[in-house]
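Student: I have a new structure on screen. Can we go through how to read its features, one at a time?

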Amino acid sequence: MKHKHLPKRNIALVAAGLAAVAAAAVLLPDANASQSPEPSRQDAPPQALGAGSAAGTASRLTAEFGSSIAGAYWDAAGRRLVVNVAGNDPEAVRGVRQAGAVPRQVRNTAAELTGAAGVLRQNATIPGTAWAVDPRTNQILVTADGTVTGGKWDTLRATVRSLGSGMARIERSAGRITPFVAGGDAIFADGARCSLGFNVVKDGAPAFLTAGHCGVAFPAWSDTQGGAPVATVTAATFPGDGDFALVTYDDPGTDAPGQVDLGNGRALPITGAADAAVGLEVFRMGSTTGLHNGTVLGLDATVNYPEGTVTGLIQTDVCAEPGDSGGSLFTRDGSAIGLTSGGSGDCRSGGETFFQPVTTALAAVGAELG
């Protein structure tokens, strides 16, 4: 398990981690997220914003202007944060500009979108479906896989129609939405395979985060297939309010560096945890499919797995496959973003993947990044 302990040769290459990720971004397929028309370039922000600060700026504006803010997204091409402003609120527009972001007038308020998501949960919690707010279109994006047919499909369509015009839209997924049981390095338990997400510290003891559906399935995990357990699950959530688990190393002296193994002797130092922002470029590392990149499509996603409903996830167009569960989602500058939960499709035909936010998981288990 390279997250657990790296040979000296790998440690020497840690400093080259950022360059390795940048190179990987060139080699991997481009993200294919669809986008609605952007604000005109003449509305360029008065100051430069970095992708890493986008989520924090959006949160601060929401706290300051409340219901006038209806979501935000990162415009990678223009390197700017676009903030949706609902209603006629000149103070909110002015505040967005002063924060270095671009205001964009929209129809649906955040409260209306939240209410619509509540209706979906009440009337259309159907396995094989998921939904999240898409700030680029100011709508709720509802995803349905191939198992949603017949009466289930009719119920889903009727519920979306009941929300009114322009509130939500449905997209079909070619695959089946499931947890990816089967980033970073592989971990094993009784024939099952998942991925280590990020090393952390809990009450001074080394541990790591992985997917909750891996943690509730098996109480102990090994770093080799068929090997003796090296870590024990001490907290796990799935389904419900997230998909995360804290797994504590049995040996308190375990060397658990704060980095992600990128493969081929490369490693990326993790500098801290950060919230995702729609439009943010992200990278995923998993033990089955390795390193892939893509874009954040939605936040606070609800996913209806066959095993139950999970809320509060990040929706992306990054591919993943069974065995990648729990793996690392991060940015090229070393910010930890998420843990692989599940989705549909694969890394040949593409698909969508949902991630547990790292910030939420850390807060829930009372741990810090290692």
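Student: Which residues is Thr331 in contact with, leaving aside its neighbours within four places in sequence?

Tutor: For contacts, look past the chain neighbours and see who else comes within 4.5 Å, counting heavy atoms. Keep in mind that this is a predicted model. Here Thr331 is in contact with Leu268, Leu280, Glu281, Phe283 and Ile337, once neighbours within four places are set aside.

Student: Where is Thr331 found?

Tutor: Thr331 is in the loop between strand 21 (328-330) and strand 22 (335-346).

Student: Is Thr331 buried or exposed?

Tutor: Compare the relative accessible area with the cut-off: under 20% is buried. Thr331 has 8%, so Thr331 is buried.

Student: With which side chain does the side chain of Thr331 make a polar contact?

Tutor: The partner is the side chain of Asp333, at 2.2 Å.

Student: Let me try Ser68. Where is Ser68 found?

Tutor: Look between helix 3 (51-65) and strand 1; Ser68 is in that loop.

Student: Is Ser68 buried or exposed?

Tutor: Use the cut-off again. The relative accessibility of Ser68 is 10%, so Ser68 counts as buried.

Student: What does Ser68 touch, not counting residues up to four places away in sequence?

Tutor: Ser68 touches Asn84, Val85, Ala86, Asp89 and Ala92. With Asp89 there is also a polar contact, side chain to side chain, at 2.5 Å.

Student: How many residues apart in sequence are Ala320 and Gly342?

Tutor: They are 22 residues apart in sequence, and 7.9 Å apart in space, C-alpha to C-alpha. Ala320 lies in the loop between strand 20 (308-316) and strand 21. With a relative accessible area of 1%, Ala320 is buried.

Student: Now a residue in a strand. Where is the place of Thr232?

Tutor: Thr232 is in strand 13. Thr232 is partly exposed, at 32% relative accessible area.

Student: Which residues does Thr232 touch, not counting those up to four places away in sequence?

Tutor: Thr232 touches Pro219, Ala220, Leu246, Val247, Thr248 and Asp250. Gly215 is 17 residues from Thr232 in sequence, and their C-alpha atoms are 9.0 Å apart.

Student: What about Gly350? In which strand is Gly350 found?

Tutor: Gly350 is in strand 23 (residues 350-357). Its relative accessible area is 30%, so Gly350 is partly exposed. Leaving aside neighbours within four places in sequence, Gly350 is in contact with Ser344 and Gly345. Gly350 and Val318 are 32 residues apart along the chain, with 7.8 Å between their C-alpha atoms.

Student: How do I read two packed helices?

Tutor: Take the angle between the axes, then the distance, then the handedness. Helix 5 (residues 110-123) and helix 6 (residues 150-162) pack at about 155°, and their axes are 10 Å apart. That makes helix 5 roughly antiparallel to helix 6. Their crossing is right-handed.

Student: Which residues make the contact?

Tutor: Helix 5 supplies Val119, Leu120 and Asn123, and helix 6 supplies Thr155, Thr159, Val160 and Ser162. By class, the contact has three nonpolar, four polar and no charged residues.

Student: Let me turn to the backbone. Which residues have a positive phi?

Tutor: Look for positive values in residues other than glycine. One case is Arg79, with phi near 50°. Arg79 sits in the loop between strand 1 (69-75) and strand 2 (80-86). Arg79 is exposed, with a relative accessible area of 52%.

Student: What is phi of Asp190 near?

Tutor: Phi of Asp190 is near 50°, again a positive value in a residue other than glycine. Asp190 lies in the loop between strand 8 (186-189) and strand 9 (192-195). Its relative accessibility is 72%, so Asp190 counts as exposed.

Methods. Residues numbered from 1 in each chain as written. Predicted model: local features only at pLDDT ≥ 70, side-chain atom pairs only at ≥ 80, totals over all residues. Heavy atoms only, no water. Axes fitted to C-alpha atoms, helices over the stretch in contact; angles between N-to-C directions. Helix = DSSP H or I, 4+ residues; strand = E, 2+ residues; numbered from the N terminus. Parallel < 35°, antiparallel > 145°, perpendicular 65-115°, else oblique. Left-handed = near helix turned anticlockwise from the far one by under 90°. Nonpolar A, V, L, I, M, F, W, Y, C, P; charged D, E, K, R; others polar. Buried < 20%, exposed > 50% of the residue type's maximum accessible area, 1.4 Å probe, protein only. Polar contact = N/O pair within 3.5 Å; in protein donor to acceptor, adjacent residues only side chain to side chain.
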